[in-house]
Amino acid sequence: MARFVAVDLGATSGRVMLGEVGSGEIELAEIRRFATGPRPRVGGGLCWDVAGMLAEIKAGLADAAESRPVSIGIDSWAVDYGLVGADGRLEGDVRCYRDPRTEGMAQRLRARVPDELLYRITGLQYLPFNTVYQLLSEPEGRLVDKTMLLLPDLIGYQLTGEIGAEVTNASTTALLDATTRRWSAELVARAGLPDGLLPPLRQPGEPVGATEDGTTVLAVASHDTASAVAAIPADADGAYISCGTWSLVGLELRAPVLTEAAREANFTNEAGIDGTVRFLRNTMGLWLLSESLRVWREQGLDIRLGDVLEAAMREPAFRSIVDPDAAVLLPPGDMPSRIATLCAESGQPKPESPPAVVRTILESLAVAHAASLRAAARLADRSLSLVHLVGGGARNAALCQFTADACGLPVLAGPSEASALGNVFVQARAAGVLEEKPRGRPLGRYEPRGEAEAWRSAAERVGLA
């Protein structure tokens with residue numbers, strides 16, 4: 001039995017997981033769990049408590065040490081970074097992608113790099129917080145003599161002292177060439193970024209370095225969605241939804257889709273393991289639900305997730321639908337009130353109770369899932385017969401069923417800890433103890449209930465048909 005540690009950082013919580021590999025299977029056990037959410041920054045905006053995360057990670061690694069793991073892998077959300085100075089120290093805060101500092105940065109880059117050229121090189125969808133826009137928002141001169149390390153690479157550096165950038169996460173920066181999988185010197189120059197800012201690239205499965213106790217830190221698919229997709233069994237369709245704070249909806253392909261139609265549909269081409277491409281669109285995920293729960297609890301309401309989900313199923317179907325990607329839903333704040341306002345502005349009834357808000361959220365996410373999958377299949381010229389829904393959303397039976405109904409396709413839910421599973425898989429394969437993708441235990445199969453017309457009508461209200 002070989003053991004591996006997966007450090008799996010999500011935008012609301014982090015986990016240190018122990019993976020035991022034997023007989024072609026992976027068994028996961030949680031060693032430590034901790035909060036990771038953004039916090040207000042002195043001077044304004046939002047940042048991450050990286051020092052706190054590192055302390056929690058080290059405590060988890062200490063607890064796992066007695067299991068004598070072969071290696072450690074780190075994955076997290078994308079786009080956010082720290083700047084390491086010439087003295088090797090982290091300088092300043094690691095800003096959160098929900099920080100408003102990137103306002104106006106897309107227009108600044110567009111004056112130097114036309115949208116069409118940016119997409120032809122990177123294949124990356126427009127998101128206002130893409131790394132390139134964050135870098136352009138830095139004060140003049142701050143990037144000089146610095147090295148940019150994306151969060152998993154920064155944690156790896158703090159554990160080993162070794163600098164590098166793992167390619168699946170690097171592909172989310174809008175600075176990596178989607179065809180060559182190398183940093184684009186043309187984009188770096190056009191964006192006006194200094195030489196030496198971007199570190200050498202690593203591939204999943206390559207060693208990063210060693211911790212103080214000599215344990216190897218291995219580069220895995222360090223973008224958590226890349227790790228999640230690495231855990232999905234290969235099939236003829238390759239359709240998936242990695243559903244957590246965000247929903248990443250798309251297909252696993254062998255080559256990027258760099259057409260103008262894909263750019264206009266705002267699809268992204270991000271690197272996966274073994275040269276694959278994650279052709280997907282980001283849509284807002286369970287952030288809408290988690291932020292609503294936070295607000296209700298701060299208001300003194302005794303809201304329990306299981307109870308409010310059950311109550312939501314008794315609410316009228318398709319009463320109100322919103323576009324989950326409305327800009328007003330991105331930052332933290334009073335999510336229920338924002339959803340109610342969007343409903344009123346579109347001439348729909350305002351959800352007045354927590355169950356009504358939750359029903360709106362779940363149906364709206366399912367509508368967005370279906371719209372993105374239909375677009376992905378059209379743009380990549382693929383036919384779909386099954387959808388793998390992984391991540392935390394796989395535990396939400398209502399969302400899984402609504403997604404099957406909206407898509408008109410069976411949904412195979414699980415594994416819920418797909419990122420950690422894919423993290424361990426890359427390590428185990430590099431160690432030579434596992435060759436094939438692991439088959440995580442599905443949490444359920446959901447068949448569509450033949451309500452296609454009702455779902456199509458609901459999607460039309462918010463332009464997602």
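A residue is called buried when its relative accessible area is under 20%, exposed when this is over 50%, and partly exposed in between (1.4 Å probe, protein chains only). The legends below describe a predicted model, in which local features need pLDDT of at least 70, side-chain atom pairs count only at pLDDT 80 or more, and totals for chains, interfaces and linings use all residues. Residues are numbered from 1 along each chain as its sequence is written, and side-chain values use heavy atoms, with hydrogens and water left out.

**View 1. Helix α13 is mostly covered.** Helices (H or I, at least four residues) and strands (E, at least two) are DSSP runs, numbered from the N terminus. Of the 27 residues in α13, 25 are buried. The expected span of a helix is 1.5 Å times one less than its number of residues. For helix α13 (residues 354-380) this gives 39 Å, which agrees with the 39 Å between its end C-alpha atoms. Just after α13, Asp381 takes a positive phi of about 55 degrees.

**View 2. Six strands form an open sheet with mixed pairing.** Two strands pair if DSSP finds at least two bridges between them. The order of the strands is β3-β2-β1-β6-β14-β13. Because β3 (25-35) and β13 (207-210) stand at the edges with a single partner strand each, one side of each is left without a neighbour in the sheet. On average, neighbouring strands of this sheet are turned by 25 degrees against each other, direction ignored. Axes here are lines fitted to C-alpha atoms, for helices over the stretch in contact, and angles run from 0 to 180 degrees between N-to-C directions.

**View 3. Strands β13 and β14 pair in the antiparallel sense.** Three bridges join β13 to strand β14 (residues 216-218). Ala210 has Thr216 in β14 as its bridge partner.

**View 4. Helix α15 lies across strands of the sheet.** Contact means heavy atoms within 4.5 Å. Helix α15 (residues 418-430) lies across β1 (2-9), β2 (13-22), β3, β6 (71-75) and β14, and runs at about 140 degrees to β1.

**View 5. Thr131 is a buried residue of helix α4 (residues 131-136).** Its relative accessibility is 0%. Not counting residues up to four places away in sequence, Thr131 touches Val79, Tyr81, Met148, Leu150, Thr172 and Thr173.

**View 6. A salt bridge joins Arg32 and Glu56.** A salt bridge is a side-chain nitrogen of Lys or Arg within 4 Å of a carboxyl oxygen of Asp or Glu. A search of the whole structure finds 28 of them. Between Arg32 and Glu56 the N to O distance is 2.6 Å. The pair links distant parts of the chain, 24 residues apart, with Arg32 in strand β3 and Glu56 in helix α1 (residues 50-64). Arg32 is partly exposed at 28% relative accessible area, and Glu56 is partly exposed at 25%.

**View 7. A salt bridge joins Arg429 and Asp274.** The closest N and O atoms are 2.7 Å apart. Arg429 lies in helix α15 and Asp274 in the loop between β17 (268-271) and β18 (277-284), so the pair ties together parts that are 155 residues apart in sequence. Arg429 is partly exposed at 30% relative accessibility, and Asp274 is partly exposed with a relative accessible area of 47%.
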